[in-house]
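Please read the points below with the sequence and the model open side by side.

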Amino acid sequence: MREIIKTEQLRFSYQSPETVLALKDLSITIPEGQFVAVLGHNGSGKSTLAKHMNAILLPSGGACYIAGMDTRDKSLIYDIRRTAGMVFQNPDNQIVATVVEEDVAFAPENMGLPQKEIRRRVDEALLSVGMQDYKQSAPYHLSGGQKQRVAIAGVIAMRPRCIILDEPTAMLDPIGRDEILSTIKSLNKNHGITIILITHNMNEAAEADRILVLSKGSLLIDGTPKEVFENVETMKSAGLSVPQTVELLYELKKLGCPVSLDGLRVNECADILYRFLEA
Amino acid sequence: MVKSIEVKNLTHVYSAGTPFETTALSDISFSVEKGEFVGIIGHTGSGKSTLIQHFNGLKKPTSGTVMIEGEDVWANPRDVKKFRFRAGMVFQYPEYQLFEETVFLDIAFGPKNMGLKQSEIEERVLEAVEFVGLSPDILEKSPFDLSGGQKRRAAIAGVIAMRPGILILDEPTAGLDPRGRDDILLHISEYHKKMNATVLLVTHSMEDIAKTVNRITVLSRGKILTDGTPKEVFSEPELLKSAGLSVPQVTRVFLRLRELGAPVDTTVYTVEQAVKQLSALRGGKV
């Protein structure tokens, strides 16, 4: 598969000279169409990495390529941002217009698209996040989850190949979280958009195809959710946790029970425990 | 004994008499005993924030009464301010409210407003810093030089320094990594125990709440949907679901085990309890 994001020995420091490195020679490749979750403690470099993916930050050393475009090349910046769109934590900071559809139209208007095309993209974007019935609403009348979906639609309207979401559910309640997660999954499965989801929520990360765990600016683990969460001790030592399903299996295993740790989902975990109780 | 909080028939209406009129709280009666650790959960717009803002006089009831430590908050509107010290409130993302030149001055802001002596203020600042697990070395730093987690703790220390008999925290762990989350909850539990304080924790995290509180109050559409021990509340997964909430993941595993036909007791809400029960089911032979 084609790669959409590639970092080569990516290094970044917020200070100059480089006393503390936020990213330490990080090399990762993300194929197009993948749903990748990025985990890491506060200060692990997650957001710094995300900001390299649409050229908000530029490498202090090494390089970052988006669909083959080098982010250090200033002439490519608009193409890069159109390819990889970004959604932030606080929905209130991302909405600029007083009517939902106008907000979604902001980027396509700036791209200088014809009216008809803008209309088509706005409708399509709102439909893809399930907010088509609210196109005439005022954003401040919406719930947090709805506002965040409008922010995502604003990015979708640029028709990006990749969306980077930096803790998009941190400020939302469980309903809002579910709304965002199913929106992300549908954009990934039905529209083939690459998703980079930065999160502290282990259960959200468990839904991804692949998890990257960062610790102190380096890549600690890279694998499928099952592979990653089996490393219970490594995860804990990196200041992270694992879903309660895996934690329960891990605790039982520590006591000598013959259970495997790959029961990530509730049903899988229950199946393993059922077999264990029957044995 | 006098109750910490006693709310009688509390109704709060926003924008009354306009087309935007909304009833945020509708005829709520609720009380909290001294020393209880209560979790308040509910979806966005359920009335949680409106409710807690009545406990320190930030909101005035449209009707009904709110008694704090036996005193009606609005008996004398001029005296409302004193309830800000008795019911200390930590808002969401409190680190955005740090403003002083040094961490010390920031934490001292509350006690200073209480009109305490300098020596007493210093004592309280040191005590508060210890409660939240920060090193006294940071007191002379600018709050803006701290890490995110340290800022959050410094902001909580600023409320603790007022030694409130009632400590109210709105999503104190939002945005923190798992270790930071556990750490803050541990320090809050310590304040609860050592000071025999009443603590109210507003959160969206069922796992956090299951680990820490003795009692859970669930709000939905401005009313109390259910109220009880974590065991009681989490034994009603359908009711919680109807309010847009859920039970902890480990409880869902047990509900599924029951569906499969295993003879489990589904009133389990922490991993520890789950391990205990499973090992008992195997006759302690695990």
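1. Two residues are taken to be in contact if their C-beta atoms, placed from the backbone, lie within 7 Å. With that criterion, among the contacts in chain A between residues at least 6 apart in sequence, 62% join residues at least 24 apart.

2. The model is a predicted one, in which local features need pLDDT of at least 70 and side-chain atom pairs count only at pLDDT 80 or more, while totals for chains, interfaces and linings use all residues. Residues are numbered from 1 along each chain as its sequence is written, and chains are lettered from A and ligands numbered from 1 in the order in which they are written.

3. Helices (H or I, at least four residues) and strands (E, at least two) are DSSP runs numbered from the N terminus, and on this basis chain A has 11 helices and 10 strands. Its radius of gyration is 20 Å, close to the 19 Å that the globule rule gives for 279 residues, so chain A is as compact as a globular protein of that length; the radius is taken over C-alpha atoms, and the rule is 2.2 Å times the number of residues to the power 0.38. The C-alpha trace of chain A spans about 65 × 50 × 35 Å along its principal axes.

4. For burial, a residue is buried if 20 or more other C-beta atoms lie within 10 Å of its own, exposed if 12 or fewer, and partly exposed in between, with C-beta atoms placed from the backbone. Of the 279 residues of chain A, 51% count as buried.

5. Two loop positions of chain A deserve a look. Pro258(A), in the loop between α10 (244-254) and α11 (266-278) of chain A, counts as exposed because it has 11 C-beta neighbours inside 10 Å, and its C-alpha atom is separated by 53 Å from that of Pro17(A), 241 residues apart along the chain. Arg159(A), in the loop between α5 (144-156) and β7 (162-166) of chain A, is partly exposed, with 17 other C-beta atoms within 10 Å; the C-alpha atoms of Arg159(A) and Thr83(A), 76 residues apart along the chain, are separated by 7.6 Å.

6. Strands are said to pair if DSSP finds at least two bridges between them. In chain A, strand β1 (residues 3-12) and strand β4 (residues 61-66) run antiparallel and are joined by five bridges, with Lys6(A) opposite Tyr65(A) of β4(A). Tyr65(A) also has a bridge partner in β5(A), namely Asp70(A), where β4(A) and strand β5 (residues 69-70) run antiparallel over two bridges. In the hairpin of β4(A) and β5(A), which has two residues between the strands, Ala67(A) takes a positive phi near 45 degrees.

7. Chain B holds an open sheet of six strands in the order β6-β7-β8-β3-β9-β10, with mixed pairing. Its edge strands, each pairing on one side only, are β6 (87-90) and β10 (223-228) of chain B. The twist from one strand to the next averages 20 degrees, where axes are lines fitted to C-alpha atoms, for helices over the stretch in contact, and angles run from 0 to 180 degrees between N-to-C directions.

8. Within this sheet, β6(B) and strand β7 (residues 166-170) of chain B pair in the parallel sense over four bridges, with Ala87(B) partnered by Ile166(B) and Val90(B) by Leu169(B). On its other pairing, β7(B) runs parallel to strand β8 (residues 198-202) over five bridges, and Ile166(B) stands opposite Thr198(B). The chain crosses from β7(B) through α6(B) to β8(B) in a right-handed β-α-β crossover, meaning that, with the strands pointing away from the viewer, the path from the first strand over the helix to the second runs clockwise.

9. Is β7(B) enclosed by the rest of the structure or open to the outside? Five of its five residues are buried, so β7(B) is largely enclosed; Ile166(B), Ile168(B) and Asp170(B) lie on one side and Leu167(B) and Leu169(B) on the other.

10. Between the chains, 35 residues of chain B are in contact with 34 residues of chain A. On the chain B side, α10(B) gives the largest share, seven residues.
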